[in-house]
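Dear colleague,

Please find below the structure that I am handing over to you, with its sequence. My notes on what was found in it follow directly after.

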Amino acid sequence: MMASTERIVDSAIPLPPDPGAGPMPAGAEDVANTPPVVVGRFANSDEGYLSLVWRRFRRSVVGMIGLVLVSGLIIMSIFGDFFAPMDPKLQGESFQPPDTILFQDSSGGFSLMPNIFPIVESDQLDPVTFQPLTGPDLKNPTPLGFFVPGYSYQIFWIIPANIHFFGASNGKPVHFLGTDKLGRDILSRGILGSRITLTIALIVVLLTTTIGTLVGITSGYLGGRLDIWVQRFVELVLAFPQLPLYLALTTLIPVTAPSNIFIAFVICVMAALGWAQLSREVRGKTLALARIEYVRAAIAVGSGDFRIITRHILPNVLSHIIVAVTLAIPTVVLLESFLGFLGFAVKPPLISWGLMLQDTGTFSVLGSYPWILSPVVFVLITVFAFNALGDGLRDAVDPY
């Protein structure tokens, strides 16, 4: 008699599934241990291109800081008279130092609203120069406030108004950044000077972007002899030393010409010399896009060149153009400030940051009155704001 053997199956080893029986049902224990499916905060399959870019852009701290600063600069330039505490043309004491702002009253106690104490000469003399020492007059405070009345102006050149965002409550003159050689308030001139500087920068960048994009896309898409001749002309424009050429071209217009004509000529000169680099970049992008399958398919079905450029090539180049614009604006701001410092950009009575920097031309003035360098702060903030915005946009549009 043969001994019967029992087949022992180890439950720790899973059995192979039966192909014909279908999937095995999940046990209660497996269902309990399965983590629930969590829908992501930004999970949305219907997001468009702009939504994807904005979702990535708002995660960039530097980019958001740049966006806030750029928005503030634009609002400040549009409503410059509202934010300026003083009339920028009003003349007073020349080279007056910035007023002292303290949260205290005339008795030395704490004050919720800050007060300005004017700088006056004291009875004491400097032991080296024997000049009277200056200091704040703590006995005669000037209260500050928001939405205070001041000089009259017009909003959008239509609506009359005289309310200012901040300033002296009693109407006395205040100088937060001091005065220049003619006694004009530096802060107010810097706020209103942003109009001319940013206007020049935006118009120049608009012209250079339009010309550079059209020339680059046309040259890269059509190719052939047109591309060869256009690129030789672009190389000729890029070969010129720009700074001597700027100075040479701006001297062609008479000094007695009106300010508007002078600014228009300067804008044309900057735009004529600034489009070539963007044209070269757009051409390279177009050459790569013209060989993609959907562009060849559009050509095969008989689509016109204009439709292919506007519907297939331009949208794919637009992200690079937007980033190039945000990075080109600070370059134009610096160029305008430099030309204005040399006297080749803006003429009085107009105000720009470069024109304000003309007062810093001598070292003796800088050593004695360092606060006249305040317009440099406006330039630095503007350059940082647009560069930060451009870096954030560049990182946001790269994956898409």
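D81 counts as buried, because its relative accessibility is 13%, which falls under the 20% limit for that class. Please note that the model is a predicted one, and that the values in this message are computed from it. D81 forms a salt bridge with R195, in which the closest N and O atoms are 3.2 Å apart. Since D81 belongs to helix α4 and R195 to helix α5, the pair ties together parts that are 114 residues apart in sequence. R195, at 25% relative accessibility, counts as partly exposed. As a general point, side chains of opposite charge can pair when their charged atoms come close.

Which of them gives the largest share of the lining? It is α5, with six residues. Sorted by class, the lining of the largest pocket has 17 nonpolar, four polar and four charged residues.

The second largest pocket has a volume of about 420 Å³. Its lining comprises 20 residues, of which T208, G274, Q277, A328 and T331 are the closest to its centre. At least two lining residues come from each of α5, α7 (242-250), α8 (259-274), α9 (276-289) and α11 (305-342). The largest share here, seven residues, is that of α11. By class, the lining of the second largest pocket has 13 nonpolar, six polar and one charged residues.

I turn next to the surface. I74, I75, I78, F79, F156, W157, I158 and I159 make a nonpolar surface patch of about 870 Å². Its largest share, three residues, comes from α3. I159 is placed in strand β6, which covers residues 159-168. With a relative accessibility of 47%, I159 counts as partly exposed, because that class lies between the 20% and 50% limits.

How many salt bridges does the structure hold? There are seven, one of them being the D81 and R195 pair already described. In another, the side chains of E235 and R280 meet at 3.9 Å, N to O. This pair links distant parts of the chain, with E235 in helix α6 (residues 224-239) and R280 in helix α9, 45 residues apart. E235 counts as partly exposed at 37% relative accessibility, and R280 is likewise partly exposed, with a relative accessible area of 29%.

A further salt bridge joins the side chains of D391 and R394, at 3.1 Å from N to O. Both residues lie in helix α14 (residues 375-397), three residues apart, which is about one turn of the helix. D391 is partly exposed, its relative accessible area being 28%, and R394 is partly exposed at 37%.

V204 lies in helix α5 and counts as buried, at 3% relative accessibility. V204 and V266 are 62 residues apart in sequence, and their C-alpha atoms are 9.3 Å apart in space. G284, in turn, has its place in helix α9 and is partly exposed, with a relative accessible area of 37%. The C-alpha atoms of G284 and G220 are separated by 7.0 Å, although the two residues are 64 residues apart along the chain.

With kind regards

Methods: Residues numbered from 1 in each chain as written. Predicted model: local features only at pLDDT ≥ 70, side-chain atom pairs only at ≥ 80, totals over all residues. Heavy atoms only, no water. Helix = DSSP H or I, 4+ residues; strand = E, 2+ residues; numbered from the N terminus. Nonpolar A, V, L, I, M, F, W, Y, C, P; charged D, E, K, R; others polar. 1 Å grid on protein atoms, 1.4 Å probe; cavity = no way out; pocket = protein on both sides within 12 Å on 5 of 7 lines; lining within 4 Å. Points joined across faces, edges and corners; volume = space filled by probe spheres on them. Patch = residues over 30% accessible without salt bridge, like charges linked within 9 Å, V, L, I, M, F, W, Y side chains within 5 Å. Areas by Shrake-Rupley, 256 points an atom, 1.4 Å probe, with all protein chains shown as cover. Salt bridge = Lys/Arg side-chain N within 4 Å of Asp/Glu carboxyl O. Buried < 20%, exposed > 50% of the residue type's maximum accessible area, 1.4 Å probe, protein only.
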